[in-house]
Amino acid sequence: MIFDTHAHYDDKQFDSDRDELLHEMKEFEVGTIVNVGASLDGCRKAIELAEKYPFIYAAAGVHPDEVGDLNEDTFEELRGWCRRDKVVAVGEIGLDYYWDTQPRDLQKKWFIRQLELAGELGLPVNIHSRDAAEDTFQIMKEYGKGLSGIIHCFSGSKELALEYVKLGFYIGIGGVVTFKNGKKLKQVAEAVPLTKIVLETDCPYLAPEPYRGKRNHSGYIKYVAEEIARIKGITCEEVISRTEANAKEVYRLYRYNEQRV
Ligand code: NI
């Protein structure tokens, strides 16, 4: 079944029909979702959702746009959340030089602190990087050693993707791969072995074709899987089952009495 490795069902765009939509996920062949926190409030809501729905897990972390809210006290709170049973990763964390809402040295400081937190707790990470490929990679090489995780919504070159694979990371691919102007990501999907790819929505954002521009949800991931299957010349079922196994491996879901995949 489909595994959505990066979703934001805590977003207000789901306020009108969140529960109805999540109840429908089985019909869309969606088996597992990791709801990723991006702000302190987002983390709280992500954990609530994970504790309400058996098939939802949470990641807790503070996005570079939100690191102004971090201090030693809130960081301790985050550490506590990361120890909760259904929190499977630290994320999303990273650098965002596109919006640049926080000073870059502050973004770097809290990115590194959260990478160290993941190392301390033995959790994988979920990495956000926008217009900051070089600095993100430098920090990951230095502070991400020994960690595993996902480079979410990967937007770099295929060469960089393969460098991350060498470091032990998985590449998160979502709706952009279906876009006509998504050529770079199509090349990434071709170059990265299927054993190192995971699927994601980043919903409510980045809906794939034919829903581009609409509100995204995990049920649309099949369009992403179809495009990767087309690019790699394999079946859609193979893409779905292999990426599900990859996601269970990276998020270590075998901890929850599931068979190790
Ligand atoms: Ni996200």
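Two strands pair if DSSP finds at least two bridges between them. Strands themselves are DSSP runs (E, at least two residues), and helices are runs too (H or I, at least four), with numbering from the N terminus. Strand E7 (residues 169–173) and E8 meet this rule: they pair in the parallel sense over 3 bridges. Gly 172 has Val 198 in E8 as its bridge partner.

This is a predicted model, in which local features need pLDDT of at least 70 and side-chain atom pairs count only at pLDDT 80 or more, while totals for chains, interfaces and linings use all residues. Residues are numbered from 1 along each chain as its sequence is written, and side-chain values use heavy atoms, with hydrogens and water left out.

Now take the whole protein. It holds 9 helices and 8 strands. Its C-alpha trace spans about 50 × 40 × 35 Å along the principal axes.

Next, the sheet. The 8 strands form an open sheet in the order E1-E2-E3-E4-E5-E6-E7-E8, with parallel pairing. Strand E1 (2–7) and strand E8 (197–199) stand at the edges; each has a single partner strand, so one side of each lacks a neighbour in the sheet. On average, neighbouring strands are turned by 30 degrees against each other, direction ignored. Axes here are lines fitted to C-alpha atoms, for helices over the stretch in contact, and angles run from 0 to 180 degrees between N-to-C directions.

Helices pack on this sheet. Helix H6 (residues 158–167) touches strand E6 (149–151) and E7, and its direction makes about 140 degrees with that of E7. Contact means heavy atoms within 4.5 Å. Helix H9 (residues 236–250) lies across E1, strand E2 (30–36), E6, E7 and E8, and runs at about 100 degrees to E8.

Helices also meet each other. How do the axes of H7 and H8 cross? The axes of helix H7 (residues 183–191) and helix H8 (residues 221–232) come within 9 Å and cross at roughly 65 degrees. That makes H7 roughly perpendicular to H8, a label for angles of 65 to 115 degrees; under 35 is roughly parallel, over 145 roughly antiparallel, and the rest oblique. Lys 186, Ala 189 and Glu 190 in H7 meet Glu 227, Ile 228, Ile 231 and Lys 232 in H8.

Helix H4 (residues 104–121) and helix H5 (residues 133–143) have axes that come within 11 Å and cross at roughly 35 degrees. Their contact includes Phe 111 and Leu 115 of H4, and Ile 139 and Tyr 143 of H5.
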